[in-house]
Amino acid sequence: MLREVTDIIAERLSIISERSWRTGEVPEDWRKANVTPIFKKGKKEDPGNYRPVSLNSIPGKVMEQLILEAINKQVEEKKVITSSQHGFTKGKSCLTNLIAFPDDMTGWVDEGRAVDVVYLDFSKAFDIVSNDILLGKLRKCGLDEWSVKWTENWLNGRTQRVVISGSS
């Protein structure tokens, strides 16, 4: 629907987004999510056979992506993240880490260095990380205050509800 009315709403949405970023205020609708269970496989009676899908406001998701791009650009310019960081890094993944790591290890062993390895699974890390710690680290890295303040208000004001067959 938004694509059909782009000519009509683009300028207004741009003004709202710009004002949101400059003031740090995030519209309430952008912070609401409807969580809908999507059936995977198996018995439909088993709740474990569903995965939750979060449906968010499209303008809010667009703004979130714009802020993410701004943060990524600043982090890259300030060289905050080393090349060995693979998780949550554009163009890198667990797979690229699994390819690069053994190569590094063999090089160290060839040099006669001692190698100890500890692998930790931080899946769901962002579900439990303290927002205050995350925001403090963004500030410490020297990110612009507008992006940090917007992120803070977006993180702290999120709500979600489960919607099944039109009931919430």
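Analyst: A charge sits over a ring if NZ of Lys or CZ of Arg is within 6 Å of the ring centre and within 35 degrees of the ring normal. The model is predicted: local features need pLDDT of at least 70, side-chain atom pairs count only at pLDDT 80 or more, and totals for chains, interfaces and linings use all residues. Residues are numbered from 1 along each chain as its sequence is written, and side-chain values use heavy atoms, without hydrogens and water.

User: What makes K44 a charge over the ring of F39?

Analyst: The charged end of K44 is 5.0 Å from the centre of the F39 ring and sits over that ring. The distance meets the 6 Å limit. R158 sits likewise over the ring of W154, at 4.7 Å from its centre.

User: Why is the pair of W150 and W154 called stacked?

Analyst: Rings of Phe, Tyr and Trp (its six-membered ring) pair if their centres lie within 6.5 Å; planes under 30 degrees apart count as stacked, over 60 as edge-to-face and the rest as tilted. The centres of W150 and W154 are 6.3 Å apart and the planes are at 10°, so the pair is stacked.

User: What makes F101 and W108 edge-to-face?

Analyst: Their planes are 80° apart, over the limit of 60 degrees, and their centres are 6.5 Å apart.

User: Why does F101 count as partly exposed?

Analyst: Buried means under 20% relative accessible area, exposed over 50%, and partly exposed in between (1.4 Å probe, protein chains only). F101 has 21%, so it counts as partly exposed. W108, at 30%, is partly exposed too, whereas W150 and W154 are buried.
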